[in-house]
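I opened the model today to look at its chains and how they meet. My notes are below.

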Amino acid sequence: MIDFDRHPTDLLNAALDGRLDAEDRAALNDHLAGCEPCRRELAALEWTRAQLTTAVDVADLPPDFTDRVKSTLDQVDAEGPALAPPAPGATGRRWWWAAAVAAAAAILVVAWAGPWFRPVPVPAAVAADLQAFGVSALPLELATSSPAELEAHLQAANLGFPVRVFDFGMMNLALTGGGVHRVDDERSALMAYRGADGTLVICQMYRGTTADLPETADVRRHNEMDFFVYQEGGASLIFWQEGDVVCVLAATGDVEAAVQLAYAKAIKV
Amino acid sequence: MTDRRSAFEQVAMPVAPALLRTARRLVPGDDADDLVQETFLRAYRTFDSFRPGTNGKAWLFTILYSIVANRWRQESRRPVLQSLDAGDQRFADALSADLPGPDVLYGQAELRAVIDRALEGLPEEFRATLLLVDIEGLTYEEAAAVTASPVGTVRSRLSRARRQMFVTLQSNGAGARTQTDGGR
């Protein structure tokens, strides 16, 4: 029920947009009948919206726009289906790059998921995040090599859980930055690292449960904790539970090296 | 043409003008056209992620917004910190002034120019939210998903954007009236 002891200015936009239920709308109308300032404000908002909708009309497309779009779509069609892994002896880099660009396109979509997107399995989504990082297409709110600075930034984001920024300096992995991201439609704490040898690692923490992850045959037990290991698109992903938070470490390179990194950073809660 | 291509064009091509309309007001100059082309490219590549029968327009705007937001980040744009109190006071002052609106003083083309300048004066996230809801007709929930923001944030940005637009449009109306009246 609306508190009408004060002017319900917060509700005027909701009323304008038809978001009040019948009871609240009726109560607001009663208030407006006796409140000139609120009537003026509602009128001002209505007027403003009317100016916008009158003045901003549908754009005329440039003459060659549709042809350019279709040409772009033709190029995608010519690329064919998903690229196969490189043949023995071939350099993997070009395949990695092309797959990463495609994945980066996907992850920029997944990161802002809405009800119009099919659900993407979490390991695939995190692997796409790693690939996006590899082509500098992963949004990092804060570029920093300081774990303390990133940790302070993430704590200030009020994610609802204590954030730890892992320091992999001893493993020759340098922090490059991080920020608030999303995993499984939950806000996550993201940290990104690069090794001198080109190894890429991202870590994320988010509210959830490993019970929601797809099944994997590769479950490791270490320090009385379960570690769920996946391999997607050239990346190794290791998930584990710390209280009501899921931690995931995604890395390029050797899967066993990635598992050891996860073991090093996991804390039994 | 494959079924996939045909299905994609059915969903996406009708939205192209709306995407361009919004892109032109989110990024300056000629870049809007390229951003919409990039949107189509990414959308087609990831068309398998689209749930058939759901809001294709919102889906495409999600992709466009992700491209634009990434560009804002790369340009290291910092949010314009505005004093809520100062903004509220300006709005209250504009409400109490008895001025005709721009539509009284300007022709349609001039109104369009005034609106565009007023939109440019909004912080980017406010501008985007206003365009998505008031021009493109997305619900608060859809705009929240497109911009990866809570619904409460959409509500707040929309309210502040409308207030700031009102203040700017009224200021323009006052300026034009002064001109028309020979400075009286």
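These entries take each chain in turn and then the interface.

**Ground rules.** I am working with a predicted model, in which local features need pLDDT of at least 70, side-chain atom pairs count only at pLDDT 80 or more, and totals for chains, interfaces and linings use all residues. Residues are numbered from 1 along each chain as its sequence is written, chains are lettered from A and ligands numbered from 1 in the order in which they are written, and side-chain values use heavy atoms, with hydrogens and water left out.

**Chain A.** I looked up the secondary structure and found eight helices and eight strands. Here helices (H or I, at least four residues) and strands (E, at least two) are DSSP runs, numbered from the N terminus. Chain A has 269 residues, and 46% of them are buried. Buried means under 20% relative accessible area, with exposed over 50% and partly exposed in between (1.4 Å probe, protein chains only). I then checked contacts, meaning heavy atoms within 4.5 Å. Of those in chain A between residues at least 6 apart in sequence, 55% join residues at least 24 apart. Chain A exposes about 13,100 Å², with 52% from carbon and sulfur atoms. Accessible areas come from the Shrake-Rupley method with a 1.4 Å probe; for residues, only the protein chains shown count as cover.

**Chain B.** This chain has 10 helices and zero strands. Of its 184 residues, 52% are buried. For contacts in chain B between residues at least 6 apart in sequence, 73% join residues at least 24 apart. I noted an accessible surface of about 8,200 Å², 48% of it on carbon and sulfur atoms.

**Interface.** Together they bury about 5,500 Å², 62% of it on carbon and sulfur atoms. Buried area is the accessible area (1.4 Å probe) that two parts lose on being put together, summed over both. Gln37(B), Arg45(B) and Arg162(B) supply 12% of the area that chain B buries against chain A, more than any other three residues.

**Charges.** I counted eight salt bridges across the interface. The rule asks for a side-chain nitrogen of Lys or Arg within 4 Å of a carboxyl oxygen of Asp or Glu. In one of them, Arg162(B) pairs with Asp17(A), and the closest N and O atoms are 2.9 Å apart.
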